[in-house]
Amino acid sequence: MVRALSYADAVKLLGGDGKAVAALDTLAGGALLVASTFGGNFILSLFDAKGELAKVSGALIRGLRERVSGLGRFDRTQRLEAAHVVIALTAYFEALAAADLPDLGLRRADQVAIAAGGAPSSGRLRSLTREFLHLDVPSISPHRTYDTSIKRLRDYYSALSQSLVEFAVGLAVWEALDETDQERLSRTLREDVPPEATRRYQELLLRLAGDFPEVSFWVNLNDRRAMHAEIRAGLAELEQTLTELTTGSLPDDRREALARRYRAELRRGVVRTGTVPDELRIPSLEDAYIDHRFRVCGLGRSARPDREDWWQGLPIRDDLYAYLLGHLTSPEAVRRPLLVLGQPGSGKSVLTTILAARLPASDFLVVRVALRDTPADSDLQGQIEYAIRDATGETLSWPSLARTAGDALPVVVLDGFDELLQATGVSQSDYLEQVVRFQEREADQGRPVVVLVTSRTAVADRVRVPAEGAIAVRLEPFDKAQVRHWLDVWNRANAAYLAGRGLRPLSAQTALVHPELAEQPLLLMMLALYDADGNGLQREGDDLDLAGLYERLLTSFAEREVAKSRARLDDREFRRAVEQDLLRLSVAAFAMFNRGRQWVTEDELDTDLTALLHDRVASTGMHAPLSAAQTVLGRFFFVHQAHAVRDQTRLTTCEFLHATFGEYLVARLVARELEELAGEAERNARRARRTAPDDTFLYALLSFVPLSIRMATTNFLESMLGGREDQATLRDVLLDLFRTAMEPRSADPSYAPSPLSVPARHAAYSANLLLLIVAACEMVPAGDLFPGSADVVADWRRHALLWRSQLTTEGFFSLAGELGVWRSWDPAGRRDIHIRSGWHNFPPADLNWTYNEQATGPGISSIKDNIVLETAFTCSRLGDTLTNAIHSWEEMIDAIFIPNDSSLGASPIKLLADLMLAATDPRLPAEELTSYYDICLDAVEAGQWGSMHYIAMIYRQLRVDQHRVSTDWLSATVERIGQYASSHPEALRLFPNLKHLIPEKAY
């Protein structure tokens, strides 16, 4: 593996002649270190080392341009890295030589002995010399800001100075210095040398960057203007700058063949033309592609790049061309992979296509590997060789091709790791580790290679980060300026089409009314295509909610596809065909939803389509035969298909470019089915039939996962079901279905997206029916759910416990978070419950309601026993937590409960906690403070527990607060406590000094 350079490595790499290497050997003996560290008195005539480091370093840097002239891309990078190491150490020793250090006064004989290894401290000196000359200098990296790189060098200099101080203190002559000189030496090395070395380093770095532009990109000297840069299109500046820096020779036929293939891609459209009207002109990749904004960070083993909060705090950059240029020409590019992350439709694959086309073939040998088209079970080298054959038609081994690279640097672009992972499962989770091993092997063979991998952000958690680390770039959504720029390109390309139909160009302001679509490139294209059909998006304006927009978008695309493939349909058949396409898309959405994934395999979808729609298509008059899943979904460009090849079999998965497409389609199918059931109920009512609507299809869809697992789905349902004309009928249908949801039914075993027991399916179905009732009606009383019940609270609890036990943890808490359960009393004084939409910050429970004070219940001891039994039997996490917390409070456990026939509305423990919290407020008036004490003592009288621990806690708090209350109240309260304690044998231990505050008779 190519590793970071030390100063010794750098000098040898740059030296090139015997004199420079000999000078380095002299330095390694220790003489220069001594001479440079402790001033002119350390200069040894034996080695004539005065200024040797500066001379060697200066000569190496001055001759650098000649040394890199004619070198290939990687060799040039190595020399520039070595030059950076040299200037980093040169800056430190220059600062050290210029520092005002005291004279240690070593005799020449001592100096010679130290340098020759004859003094006791010579071993430590040689060790320190190795630390200076062989320790890796902090590298510079394009993923760090300039300020961060400078700070790392400053910290490095501080560490070197600390080592020098520790070395000096170990010398015998240290004791000869007076305290002032010791302090001056230590302070100068620690406080003066590091900032001065940093300043000198920055000067030298600017000179190096001025001569060699790559270096400026390595350290982001241009990032201060990045946030204010103009929109850049198609990485054009990357190509232009690299062409100016070209170091290699003309490419051979094989490299040129690859380059021709990739350059040709620039001329194709950003989407396939079969998905858009023939009259529209689709801009080419070269015209339409805009450099992304991005965040970048190094990855370690604990990194979580799949999570949004992990990226927060990292700056958003808009100089992607500069970052990629810096990375591709930096030494770290051949040491660890670059992982490019983004959402579906964000442009990851397009970025790799543009990059492959823009890198000059004279300096780079690029192989772009579309992992969806390569054998998934092949090793990395096999996948690369497959891509070479696909691009050129020639069968070439990777080593053979790499050896022909000459001065060019090989770059392998692996596009679509997420597709490989999605299609094959976890078998490829070590893919980045395979990449690192590949880079190590190639470097060992003298063929260093850059590797770039793309993946969806959502699956990044399934990728093991190599021990060597990796760099991650996350593509950010478009901002307003980028949306405007992209639409300018679109509107110019289609100016004639729009003008010929009297249509207005789509503006960024209109598109950004729906930012969740406009900010992703491919979804922005979807909006533009929709608006090109009669200015549909502009006509609706701000009045169109998200559900309405999605209905129009998806319907319009379905209409377009049906019109292309089945042109001779009459209007009624046409509408049916459109609805059939949307139905199949909805089944695809449910296939993902009920499996708890954002994607589904082609085989799974085929199975679901057959199980759910075969009879339904026939019964609704949709006589067209069912197509394969790939045929159905391949008609819509907003459905992304991931491919991989295993054992010569093509594995296909599909997902929606935006998750909310699937969430909307789930809600749409449910709403359409409820509309049919409500219509059937109304028809039955008109005919005086008592037949219940057939909910077989609804049960199949909704008996696996609670709808609340996707908040967007429940939001869509509220929009679709609220305020309908048939709302009363719909409510009655849903209530009837809920009341019978637990009854036996014969489920169709052919639809089984996940294996669930009968109780689990009943739990999911009943929970979903309740969600639908609340979505349609906003609120439902428990009496409507359980008509005729003697205790609606008990019925509710039975259902809630079923949901808790049968739903997944995520499913249950999504349900509990979506529904607010409000407790109340009905006019007859009985407990009641109302279920509303949305979780609320509920007040503390009214325990009078909880224990139902008008009913006779078990005693406190029974309640305690029941808690222990219930938590032990059910292995309840919350119950175990509670019993664990109160285990040590055995003597106070009674205070947790309200005794029977008590008028208390809260647990005594809560009252005590209220007292202690209130007492922390020094501004609380005395009368309010005393009221908290009185309430707690009233609870003691009401409980008659005889628990001295509870009273003792009140007493101890009172001793703290005694100066804040009146004397009369204090005297009466102490007397009151004494009465409680008088019969308790441990009163003196629990109430220290009580006898000094309470009259004798209290005992």
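Me: Before we start, what are the ground rules here?
Reply: The model is predicted, so local features need pLDDT of at least 70 and side-chain atom pairs count only at pLDDT 80 or more, while totals for chains, interfaces and linings use all residues. Residues are numbered from 1 along each chain as its sequence is written, and side-chain values use heavy atoms, with hydrogens and water left out.

Me: OK, strand E3 then: how many of its residues are buried?
Reply: 7 of the 7 residues in E3 (residues 364-370) are buried, so the strand is largely enclosed by the rest of the structure. Buried means under 20% relative accessible area, exposed over 50% and partly exposed in between, with a 1.4 Å probe and protein chains only; strands are DSSP runs of E with at least two residues, helices are runs of H or I with at least four, and both are numbered from the N terminus.

Me: Which way do the side chains of E3 point?
Reply: Phe364, Val366, Arg368 and Ala370 point one way, with Leu365, Val367 and Val369 pointing the other way. In a regular strand the side chains alternate between the two faces of the sheet.

Me: And which strand is E3 joined to?
Reply: E3 runs parallel to E4 (residues 409-415) and is joined to it by 7 bridges, with Leu365 opposite Pro410; two strands pair if DSSP finds at least two bridges between them.

Me: Switching topic, how many salt bridges does a search of the whole structure find?
Reply: The search finds 48 salt bridges, each being a side-chain nitrogen of Lys or Arg within 4 Å of a carboxyl oxygen of Asp or Glu.

Me: What about Asp795 and Arg798, where do they lie?
Reply: Both lie in helix H38 (residues 792-806), 3 residues apart, about one turn of the helix, and the closest N and O atoms of their salt bridge are 2.4 Å apart. Asp795 is buried at 15%, whereas Arg798 is exposed at 53%.

Me: Last one, which residues are linked with Arg73 in a network?
Reply: Arg73 is linked with Arg76, Glu214 and Asp363 in a network of salt bridges.
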